[in-house]
Amino acid sequence: MSASLSFGAQNSRDQAKTQIDETILIEDEVGINHSLREFSNQSLLIVPIYAKCHGSCPVIIEKLEHDLALSGVDLSHFRVLIFSFDPSDTSKDLKNFRLRHNVPPIWMIARATPTFTARLMSDIGVRTIIDPETQEFAHPDVILILGPQLWNSKKLRGAEISPSNLFAELQRADKHGGDFSKEAMN
């Protein structure tokens, strides 16, 4: 992948919106449709990936699983949504990603129509770029932490993901819900 493509996606200055559109529809790996509204009663971690990725996507999932286990957070206080931004990913691709990378069964893996994918990616402030030669995506390795009601978000980049940061940001999301300060937003 060319350095300029990677740079363009990784250094996106897009900011997440104050509230994620809860009417966005996603489809899980078994083909069931869900509204993001279903995730609004507790904090939510969104991990943007693409299922055919053999590079950083599996690494970010492994790191999240490892660091959440060490963080001491109450696992019943939040949900995890692994979201594929690749419009060509199918339900089968999502299932294969879960199996290949031992994604915990409680975590949802989903995709959406191109229109809903574009809206969600815009709402969370994440841009991707596809290399026309390799058909590989350049994208930032991030985890977004949203409070209840899908308000605000904290974007943890790959190097910022740690047990202590996950604990602190999930506690902040749980405690403040829709009352994140502008300083807490990234």
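**Fold, helix faces and pocket of a predicted model**

The protein contains 5 helices and 9 strands. The model is a predicted one. Read from the N terminus, the order of the elements is α-β-β-β-α-β-α-β-α-β-β-β-β-α. The protein has 186 residues, and 49% of them count as buried. Contacts between residues at least 6 apart in sequence were also examined. Of these, 74% join residues at least 24 apart.

Confidence was considered next. The mean pLDDT of the protein is 84. A value of 70 or more is reached by 84% of the residues. Among the elements, strand S5 (residues 108-111) has the highest mean pLDDT, at 97. Helix H1 (residues 3-10) has the lowest, at 42. Over residues 1-14 the pLDDT stays under 50. The model has 28 contacts beyond four places in sequence for this stretch. Residues 178-186 also have pLDDT below 50. Beyond near neighbours in sequence, residues 178-186 have 22 contacts in the model.

An α-helix has 3.6 residues a turn, so residues three or four places apart point the same way.

Helix H3 spans residues 91-100. Its buried residues are Ser 91, Asp 93, Leu 94, Phe 97 and Arg 98. These residues lie on the same side of H3, because they cover an arc of only 160° around the axis. Lys 92 and Leu 99 are exposed on the other side of H3. The cover over the buried residues of H3 includes S1, S3, H2, S4 and S5. Just after H3, Asn 102 adopts a positive phi of about 50°.

Arg 98 of helix H3 deserves a separate description. Arg 98 has a relative accessible area of 14%. The cut-off for buried is under 20%. Arg 98 therefore counts as buried. Neighbours within four places in sequence were left aside when its contacts were listed. The contacts of Arg 98 are then Glu 29, Val 103, Pro 104, Pro 105, Trp 107, Met 108 and Ile 109. Met 108 is 10 residues from Arg 98 in sequence. The C-alpha atoms of Arg 98 and Met 108 are 9.4 Å apart in space.

Helix H4 covers residues 114-124. Its buried residues are Phe 116, Thr 117, Leu 120, Met 121, Asp 123 and Ile 124. Strands contribute to the cover over the buried residues of H4. They include S1 (25-28), S3 (43-49), S4, S8 (142-146) and S9 (154-157).

Gln 135 is not a glycine, yet it has a positive phi of about 60°. Gln 135 sits in the loop between strand S6 (129-130) and strand S7 (137-138). With a relative accessible area of 48%, Gln 135 is partly exposed. Leu 150 is not a glycine either, and its phi is positive at about 60°. The place of Leu 150 is the loop between S8 and S9. Leu 150 counts as buried, at 1% relative accessibility.

The largest pocket has a volume of about 190 Å³. Its lining consists of Glu 65, Leu 68, Ala 69, Leu 75, Phe 78, Arg 79, Val 80, Ile 106 and Trp 107. By class, the lining has 7 nonpolar residues, no polar residues and 2 charged residues. Helix H2 (56-71) and strand S4 (78-84) each supply at least two residues of this lining.

Phe 78 is one of the lining residues of the largest pocket. Phe 78 belongs to strand S4. Its relative accessibility is 8%, so Phe 78 counts as buried. Apart from neighbours within four places in sequence, Phe 78 is in contact with Gln 42, Ser 43, Leu 45, Leu 68, Val 73 and Leu 170. Leu 68 also lines the largest pocket. Leu 170 lies 92 residues from Phe 78 along the chain. The C-alpha atoms of Phe 78 and Leu 170 are separated by 7.9 Å.

Key. Residues numbered from 1 in each chain as written. Predicted model: local features only at pLDDT ≥ 70, side-chain atom pairs only at ≥ 80, totals over all residues. Heavy atoms only, no water. 1 Å grid on protein atoms, 1.4 Å probe; cavity = no way out; pocket = protein on both sides within 12 Å on 5 of 7 lines; lining within 4 Å. Points joined across faces, edges and corners; volume = space filled by probe spheres on them. Helix = DSSP H or I, 4+ residues; strand = E, 2+ residues; numbered from the N terminus. Nonpolar A, V, L, I, M, F, W, Y, C, P; charged D, E, K, R; others polar. Buried < 20%, exposed > 50% of the residue type's maximum accessible area, 1.4 Å probe, protein only. Contact = heavy atoms within 4.5 Å. pLDDT = per-residue confidence, 0-100. Arc of directions from axis to C-beta.
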